[in-house]
Amino acid sequence: MESEGLHAHAVELVRHGRRILRGVSVTVRAGELVAVIGENGAGKSSLLKVMAGELRPDGGSVSLDGRLMTALGARALARRRAVLPQDLALGFDFEALEVVLLGRYPHTGGGESSAERAFAMHCLALTECAHLAHQRTTTLSGGERARVQLARVLAQLGREGEGGRYALLDEPAASLDLSHQLALFELLARLTRESGIGVLVTVHDLGLAMRYADRIVVLRGGSVVGETPGSLDEELIRTAFGVEAEVRRHPQVRHCMVALNRVAHPGAG
Ligand SMILES: Nc1ncnc2c1ncn2[C@@H]1O[C@H](COP(=O)(O)OP(=O)(O)OP(=O)(O)O)[C@@H](O)[C@H]1O
């Protein structure tokens with residue numbers, strides 16, 4: 001078993017008799033931003049849930065820094081990794097700051113010192129929603145709610161040295177406007193570089209994935225069909241999405257851009 005990092009090794013997942021993940025192996029190391037892309041139903045969220053320890057694989061294993069996920073207790077796990085699910089329904093109408101403080105629970109057991117509140121405010125500021133601290137989450141816009149939840153994830157990951165160093169984020173950019181999508185990925189890239197946090201993120205925007213990810217994992221039909229450091233080629237996009245695309249390196253900036261042309265096989269499922 002590999003030691004450092006979050007590893008899915010030959011993971012199989014079956015749900016209600018359907019094989020959803022087939023022999024999937026993915027690694028996220030400390031300080032690395034790994035993007036998972038793939039068409040609807042490819043298995044991205046399922047993989048994220050398995051790697052978060054929320055779903056038990058039916059074959060293979062998941063380990064976190066050399067320990068099997070199944071051997072970690074709930075609180076230890078909550079200090080080591082934080083999850084942003086795709087659709088999170090809160091049962092209570094909390095203020096945004098209270099939601100972020102929930103992220104501190106695995107560390108504090110529920111105490112709310114002024115230092116904890118200041119740290120929670122700091123996390124809200126990182127995701128540009130300090131001004132929403134005392135607004136009820138039911139009254140937030142979709143994008144604002146996503147940013148508050150991201151602040152909760154950051155609070156759960158904690159200060160450096162506290163442990164809890166992996167963030168698993170399921171389509172965090174889905175409801176964000178253009179500027180906040182960029183700000184989110186800039187923040188994630190900075191966190192991986194400066195704090196050594198490992199990030200696994202599912203994303204539909206290939207441009208964001210190519211610009212910010214250290215590695216891109218491509219899923220199709222529950223299998224990994226490609227893995228590439230930061231740039232996709234046209235063949236892989238065709239394989240993964242059935243779409244003809246052109247990938248060009250921008251002359252001024254170092255990252256690649258993708259121009260989608262047409263569906264490769266119109267009507268194909
Ligand atoms: N509990 C379940 N029972 C049966 N099928 C399931 C279950 N959970 C997921 N699936 C199926 O597994 C497949 C993968 O789902 P998953 O949510 O992982 O896809 P995804 O790649 O995240 O898709 P999207 O881009 O639409 O969010 C889908 O076809 C889905 O219908």
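**Notebook: ligand shell, sheet and domains**

I began with the ligand and found that β2 (18–28) and α1 (44–51) each supply at least two residues of the shell around it. I noted that helices (H or I, at least four residues) and strands (E, at least two) are DSSP runs, numbered from the N terminus. I keep in mind that this is a predicted model, in which local features need pLDDT of at least 70, side-chain atom pairs count only at pLDDT 80 or more, and totals for chains, interfaces and linings use all residues. Residues are numbered from 1 along each chain as its sequence is written.

**The shell**

I listed the residues around the ligand, among them Arg15, His16, Arg18, Ile20, Lys44, Ser45 and Ser46; a residue is taken as near a molecule if its C-beta atom, placed from the backbone, lies within 6 Å of it. The largest share of this shell, three residues, comes from α1. By class, I recorded two nonpolar, seven polar and three charged residues in the shell, where Ala, Val, Leu, Ile, Met, Phe, Trp, Tyr, Cys and Pro count as nonpolar, Asp, Glu, Lys and Arg as charged, and the others, Gly among them, as polar.

**The sheet**

I then traced an open sheet of six strands, whose order is β6-β7-β8-β3-β9-β10 and whose pairing is mixed; two strands pair if DSSP finds at least two bridges between them. β6 (81–84) and β10 (223–228) stand at the edges with a single partner strand each, so one side of each has no neighbour in the sheet. The twist from one strand to the next averages 15°, with axes being lines fitted to C-alpha atoms, for helices over the stretch in contact, and angles running from 0 to 180 degrees between N-to-C directions.

I looked up β9 (residues 215–220) on both sides. With β10, β9 pairs in the antiparallel sense over five bridges, and valine 218 has glycine 226 of β10 as its bridge partner. α1 packs on the sheet, where α1 touches β3 (33–37), β7 (166–170), β8 (198–202) and β9, and the direction of α1 makes about 150° with that of β8; residues are in contact if their C-beta atoms, placed from the backbone, lie within 7 Å. With β3, β9 pairs in the parallel sense over four bridges, and alanine 35 stands opposite isoleucine 216.

**Proline 57**

Leaving out residues up to four places away in sequence, proline 57 touches Val11, Glu12, Leu13, Val50 and Val62. Proline 57 and glutamate 12 are 45 residues apart in sequence, yet 5.7 Å apart in space, C-alpha to C-alpha.

**The domains**

Last, I noted the division of the chain into domain 1 (1–80 + 166–179 + 188–268) and domain 2 (89–162), with bounds from an automatic or database domain assignment. Taken over C-alpha atoms, their centres are separated by 25 Å. I found 10 residues of domain 1 in contact with 10 residues of domain 2. On the side of domain 1 that touches domain 2, helix α2 (residues 74–80) gives the largest share, three residues.

Note on methods: Contact = placed C-beta atoms within 7 Å.
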